[in-house]
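Open the model in a viewer with the sequence panel beside it. The stops below say what to select next and what is there.

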Amino acid sequence: MKAMLSQPMAGKSEEEIKATREKAIKVLESKGYEVVNTLFTDEWYERMKERGVVQIPLCFLAKSLEKMSLCHAVYFCKGWEQTRGCRLEHDAAVAYGLTVIYEE
């Protein structure tokens with residue numbers, strides 16, 4: 001079984017993002033899930049403007065939805081309700097019947 005994280009990142013430091021991510025991964029692994037990486041940091045994403053991407057947040061959302069297609073569950077980190085991308089990921093997860101897990 002595979003799962004991905006939906007994690008708010010705007011306004012958070014790299015340390016905060018990493019700590020939240022590590023905590024979520026531990027929870028998912030304890031439930032028997034393999035975590036699918038949705039932290040897109042490779043060169044393609046660093047050079048999106050050069051590649052003609054106009055709507056960068058939409059590009060990240062598209063990639064997240066592609067990764068969601070590999071998953072059985074999505075773990076929503078605290079604050080997801082205030083983030084446009086996380087809300088859209090939540091709607092997709094619910095609409096397509098994935099198991100939804102919320103950070104406690």
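**Stop 1: a loop residue**

Select Ala10, which sits in the loop between E1 and H1. Helices (H or I, at least four residues) and strands (E, at least two) are DSSP runs, numbered from the N terminus. This is a predicted model, in which local features need pLDDT of at least 70 and side-chain atom pairs count only at pLDDT 80 or more, while totals for chains, interfaces and linings use all residues. Residues are numbered from 1 along each chain as its sequence is written, and side-chain values use heavy atoms, with hydrogens and water left out.

Ala10 is exposed, at a relative accessible area of 77%. On this scale buried means under 20% relative accessible area, exposed over 50%, and partly exposed in between (1.4 Å probe, protein chains only).

**Stop 2**

In what order do the four strands of the open sheet lie? The order is E2-E1-E3-E4, and the pairing is parallel. Two strands pair here if DSSP finds at least two bridges between them. Strand E2 (34–35) and E4 are at the edges and have a single partner strand each, so one side of each has no neighbour in the sheet.

Go through the pairs in turn:

- E1 and E2 run parallel and are joined by two bridges; Ala3 stands opposite Val35 in E2.
- E1 and E3 pair in the parallel sense over four bridges, with Leu5 opposite Tyr75 in E3.
- E3 and strand E4 (residues 99–102) are parallel and joined by four bridges. Ala73 stands opposite Thr99 in E4, and Val74 opposite Val100 in E4.

Next, select strand E3 (residues 73–76) and show its side chains. Ala73 and Tyr75 point one way, Val74 and Phe76 the other way, and all are buried.

E3, H4 and E4 form a right-handed β-α-β unit. To check the hand, point the strands away from you: a crossover is right-handed if the path from the first strand over the helix to the second then runs clockwise.

**Stop 3: the salt bridges**

How many salt bridges does a search of the whole structure find? There are three, each being a side-chain nitrogen of Lys or Arg within 4 Å of a carboxyl oxygen of Asp or Glu. Side chains of opposite charge can pair when their charged atoms come close.

Select Lys18 and Glu22, whose side chains meet in a salt bridge at 3.9 Å, N to O. Both residues lie in helix H1 (residues 14–30), four residues apart, about one turn of the helix. Lys18 is exposed, with a relative accessible area of 51%, whereas Glu22 is partly exposed at 41%.

Move to Lys23 and Glu103, which form a salt bridge with the closest N and O atoms 3.3 Å apart. This pair links distant parts of the chain: Lys23 is in helix H1 and Glu103 in the segment after E4, 80 residues apart. Is Glu103 buried or exposed? Glu103 counts as buried, at 16% relative accessibility, while Lys23 counts as partly exposed at 43%.

Then select Lys63 and Glu66, another salt bridge, with the closest N and O atoms 3.3 Å apart. Both are in helix H3, three residues apart, about one turn of the helix. Glu66 counts as partly exposed at 45% relative accessibility, and Lys63 counts as partly exposed at 23%.

**Stop 4: the largest pocket**

Turn on a surface. The largest pocket has a volume of about 640 Å³. Of the 24 residues lining the largest pocket, Gln7, Pro57, Phe60, Leu61 and Ser64 are the closest to its centre. A pocket is found on a 1 Å grid over the protein atoms alone, as an open set of points where a 1.4 Å probe fits, with protein on both sides within 12 Å along at least five of seven lines; lining residues have an atom within 4 Å of a point. Grid points are joined across faces, edges and corners, and the volume is the space filled by probe spheres set on the points.

Colour strand E1 (2–6), helix H3 (56–68) and helix H4 (84–95): each supplies at least two residues of the lining. By class, the lining has 13 nonpolar, eight polar and three charged residues. Ala, Val, Leu, Ile, Met, Phe, Trp, Tyr, Cys and Pro count as nonpolar, Asp, Glu, Lys and Arg as charged, and the others, Gly among them, as polar.
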